[in-house]
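Welcome, and please take a moment to look over the model before reading on. We will walk through it together, a part at a time.

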Amino acid sequence: MNQHKNFLLNRIAGPQDLKKLSLAEMNQLAAEIRTLIVEKDAAQGGHLGPDLGIVEATIAYHYVFNAPQDKIVWDVSHQTYPHKMLTGRAQAWLDPDCYTDVSPYSNPDESPYDDFAIGHTSTSIALATGMAKARDLRGGQENIMALIGDGSLTGGLAFEGLNNAAIEPHNLVIVVNDNQWSIDKNVGGVVTALQKLRDSNGQTPENPFQAMGFDYRYVADGNDLAAMIAAFQAVKDVDHPILLHINTLKGQGYEPAIQAEEAHHWVSPFNLANDNPLNPKPKTPNPNSVALEVIQSQIAAGQNIMAITAAIPGAFELDQFKKQYPDHYLDVGIAEQESVTLAAGFARAGGTPILMEKSTFLQRAFDQLSHDVAANDLPVVMLVSGGNISDQSKTHLGVFDQVMLANLPNWRYLAPTTLAEEQAMLEWAINQKQHPVAIKMPQEVPLRDQQTVTTDYTTIHYHVQPGQKIAILALGDFYQLGQKIASQLQATLVNPLAANILDEATLNKLAEEHEIIVTLEDNILDGGFGQKVAAYLGPKKVKVLNYGQKRIYTDQTPLFESYAANHLTAKQIISDVQALEQSMTAHPASS
């Protein structure tokens, strides 16, 4: 049911309806949009600060330009909630029953007003430049714009994009949404350059954008709707590349988001009355707290450690650490490539870098993981979080880390099944100086269990709990799933410890003593752990069943649906194993 039936937004089926409004009505519309963003995010979570800050610029864009004929590419696209409301998708904010009807990022499958599925930073300028080149060749006249900001300008691809956009011969507008933040506060020399521009009202001679050849324009208050309309009218249809720098306030209209920008970049469901989370994280030991305790103890023991993050300190609960150990902490901004290569330099010079990366963002640095770290066999330590099947947008899936890391030479990719095992793996990784080591951060695992915790992972020796006929190799987080299956099948349960180092002696023994071997992994199946096991066991008589995620992009698919589609429930796997057993009994020659 539409709880806001009197909102102006109900009259906006698309940008053409917006163009009929007065300035006063559009300001009212901006207030409505902010109310709806806060209400929906309070109910189900989502990006808050970025969307609150971009409202006026979005209204002004659709008032002045003629989308979808004119094109706009939203960098990261986590600030597209207002855009979606103005392009026929407002019901997903107006009506709580429709909250899940649209994705949290731009998506061309969803609307002709979205040209790309985008969820990672710094891509907009290159994408828009490519569209401009295609337009020029076919003789088109449409306006093409890239809107970048909220930290995206610190990524290397943004500078590559600017380098080429500056020499576009015809219309191309780059809007830099300067809110002084990424997820955490902006860092680096870009901060200095943008501050000089803001402080001088865009007049400083130290203007990097003019130096590159852009026609530079500045808007001191990007949350002033009239100013934004005038700025967009001034650049519409101009036949050369322009950089429009707008100064906005992240979190505009919601005071808690202004006072605590990092905490309100993305929020879990919260209480509208007091801004408190509805489901606060428990204070008990968790993968982040265990990792930080190890790092702190190793610093105290004299290790020359640098904890490195690419603008996601909150994902690893680093807020207290960066205050307590400022000399051992580095945020490189939203620049995963930089984080990995900088870590390689730190390791070569004798330091111990500890990279803290999310699986979904790590793919941006694949070449650096290979060329700079693996090819030089440097003792970089890396923690990878979120490397699991999830219900996220297709732009934010964390199921590719094993395929990337496990198939590069020299990298060891360890996968703990308990917090005690995580602690031991990290302590070993920091103290060994031979190879790069990554640890797949567990999600929901016990502090410890009946397994003996290994302290030396130089050689991988699988942990084996003996059973009968069937062997279950359950990697990392899926060890608990393996326990359920093993108990019902009276099967042997194996903790492989690593996603890419095979314990061949144990595999040989398992193949000799079992009829069926099952592998379980919380990641993409193709190129993953299970296929490595199957390839090794190929010449042997034992049957091998591999379970993981199919090589597809899911898009906000509920977790239970993904599990069912991939036969990743205990019931399904047990049924598959029993069916194979029956087939082998009925046709012994084929087995």
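Is E168 buried or exposed? E168 is buried, with a relative accessible area of 2%; here buried means under 20% relative accessible area, exposed means over 50%, and partly exposed lies in between, using a 1.4 Å probe and protein chains only. Before going further, note that this is a predicted model, in which local features need pLDDT of at least 70 and side-chain atom pairs count only at pLDDT 80 or more, while totals for chains, interfaces and linings use all residues. Residues are numbered from 1 along each chain as its sequence is written, and side-chain values use heavy atoms, with hydrogens and water left out.

A salt bridge here is a side-chain nitrogen of Lys or Arg within 4 Å of a carboxyl oxygen of Asp or Glu. Helices (H or I, at least four residues) and strands (E, at least two) are DSSP runs, numbered from the N terminus.

R135 turns up again in the lining of the second largest pocket, alongside D136, G140, Q141, E142, H170, N171, D237 and D239. This pocket has a volume of about 150 Å³. Its lining has no nonpolar, four polar and five charged residues. For these classes, Ala, Val, Leu, Ile, Met, Phe, Trp, Tyr, Cys and Pro count as nonpolar, Asp, Glu, Lys and Arg as charged, and the others, Gly among them, as polar.

A pocket is an open set of points on a 1 Å grid over the protein atoms alone, with protein on both sides within 12 Å along at least five of seven lines; in a cavity a 1.4 Å probe fits but cannot get out, and lining residues have an atom within 4 Å of a point. Grid points are joined across faces, edges and corners, and a volume is the space filled by probe spheres set on them. Of the 14 residues lining the largest cavity, G149, G151, N177, N186 and L194 lie nearest its centre. Strand β4 (172–178) gives the largest share of this lining, three residues.

Helix α9 (189–199) also supplies at least two residues of that lining, and it leads us to another salt bridge, between E206 and K196 (2.9 Å, N to O). E206 lies in the loop between α9 and α10 (208–212) and K196 in helix α9, so the pair ties together parts 10 residues apart in sequence. Both count as partly exposed, E206 at 48% relative accessibility and K196 at 34%. The whole structure has 22 salt bridges, and K84, R89, E110 and D114 are linked in a network of them.

Finally, look at strand β10 (residues 352–358). Six of its seven residues are buried, so β10 is largely enclosed by the rest of the structure. Five bridges join β10 to strand β8 (residues 305–309), and the two run parallel. Five bridges also join β10 to strand β11 (residues 381–385), again running parallel. Two strands pair if DSSP finds at least two bridges between them.
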